[in-house]
Amino acid sequence: IAAREQTAPLLAQLLGGPSSALSRQTALLEALADVAAARPDGVGLPAVLTALQAQTGDRKIRWAVLRGLGQGLNRRVLPLRTAFKNDATNGSLVTQWLAEAVSIAGDPKAPPADRVAALQICRYVDPQVSTGPLVDIALKDPDTALQSLALEMLATSPQPEFAAPLLTRFPAAPPAWRRGALDVLLSNEGRTKALLDAVERGDLKPAEIDPARTQRLVAHRNADIKARAQKLLAAATAERSAVLKDYQRALTVKADPHRGRALFEKQCVTCHRVGDRGVNIGPDIADTRTKTPDALLTAILDPNRAVDNNSFGYAVITQDGKAFTGIITAETSASITLRQAEGKDQTILRSEIEELRSTGLSLMPVGFEKNITVEQMADLISFLKNWRYLDGSVPIEVGP
């Protein structure tokens, strides 16, 4: 890249070349535009826009330059949409090009690659203009990649109003979408308050907010949000905490991993696999070498405390009245695949689904302590820690 003061003239000169050559150099055009726009004086940018106006044959060229300009101007805390407001000609052009990007992003008939590129431009559009189309894409578009990108764009929006439709869709949304939606809700105080309102109403279970995002809430810089989060999210664990306290003795009593293996085969093999026993539906618990006995005890007795979004159960009702429950293991614009108990996979066309809703809970049932004593829990944890060594080839670490 040329010296900073020559970057804008060089870019303008390049843009005077043929589109066929420039369309293969979009990464270079974006980098040059970024450097040129980051200069405090902005010298040469009007000439860049004038030259860009002549490039009408390939949107990729225009969008590459707009992305670079937006990135560079951001470092000057100067939004692309207002950077040229005093330049009647260029200001009007930028407004027109940004509006075009919003239109193409929301057009289901446009090529997917064009829609992705247009969505990346939407971050530089006035939120009053872009938020509505972005929300529509995030909620309704059949392309899951476009949904995720729209959510990423929405996270930068200052508007709290669209929290409601995101929360309405949340119970029926797949895991990846839910993670993106939570980031959108937590990126703005107004939307964060709406999230906590949903928890308070019971529309959203505390367990549906994963531990990392829960920590962001309970340590929030806004004192009111912090206090509400601590009250709402801590209350949900109170009962389980009492059970965990009762079972702490399982971490200290003498245990037998062989008895624990028999318990595992009786109680756990329909959803978990260890070695050659069982099937994996929920989280993989076979590799327990890095997990402490205390962490295993918590996972068994309070499965919703640290459940990952990928491990929430979903309930599906089809139009002909059939009901299925399981974990979503795959999804496309046309279908979803549920993994059910005993490892059975069920693929269901979206066109056949009448209702899809997350249970907000891990498939691992709460209340396992009703089926197992403290001493048996010690045996089970010992098996999970030592199952590799039960053939005697390595000394067994007896105990939990």
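Guide: A residue is called buried when its relative accessible area is under 20%. The model under discussion is predicted.

Visitor: How many of the residues of strand β3 are buried?
Guide: Strand β3 covers residues 312–318 and is mostly covered. Of its seven residues, the number buried is five.

Visitor: Which residues of β4 stand opposite V316 and I317?
Guide: Strands β3 and β4, the latter comprising residues 323–331, run antiparallel and are joined by four bridges. Opposite V316 stands F324. Opposite I317 stands A323.

Visitor: Which residue is the bridge partner of I327 in β5?
Guide: β4 is also joined by four bridges to strand β5, residues 335–339, and these two strands run antiparallel. Within β5, I327 has as its bridge partner R339.

Visitor: What span should helix α13 have, and how far apart are its end C-alpha atoms?
Guide: Helix α13 runs over residues 189–201, that is, 13 residues. The expected span is 1.5 Å times one less than the number of residues. This gives 18 Å for α13, which agrees with the distance between its end C-alpha atoms, 18 Å.

Visitor: Which residues of α13 are buried?
Guide: The buried residues of α13 include R191, T192 and A194. Also buried in this helix are L195, L196, A198 and V199.

Visitor: How are the ring planes of F264 and F383 arranged: stacked, edge-to-face or tilted?
Guide: The structure holds one aromatic pair. The ring centres of F264 and F383 are 5.4 Å apart, and their planes stand at 45°. Planes under 30 degrees apart would count as stacked and those over 60 as edge-to-face. The pair is therefore tilted.

Visitor: Where in the chain do these two residues lie, and how many residues separate them?
Guide: F264 belongs to helix α17, residues 257–267, and F383 to helix α19, residues 374–386. The pair links distant parts of the chain, with a separation of 119 residues.

Visitor: Are F264 and F383 buried or exposed?
Guide: Buried requires a relative accessible area under 20%. F264 has 0% relative accessibility, and F383 has 2%. Therefore F264 counts as buried, and F383 likewise counts as buried.

Definitions and conventions
Residues are numbered from 1 along each chain as its sequence is written. This is a predicted model: local features need pLDDT of at least 70, side-chain atom pairs count only at pLDDT 80 or more; totals for chains, interfaces and linings use all residues. Side-chain values use heavy atoms; hydrogens and water are left out. Buried means under 20% relative accessible area, exposed over 50%, partly exposed in between (1.4 Å probe, protein chains only). Two strands pair if DSSP finds at least two bridges between them. Rings of Phe, Tyr and Trp (its six-membered ring) pair if their centres lie within 6.5 Å; planes under 30 degrees apart count as stacked, over 60 as edge-to-face and the rest as tilted.
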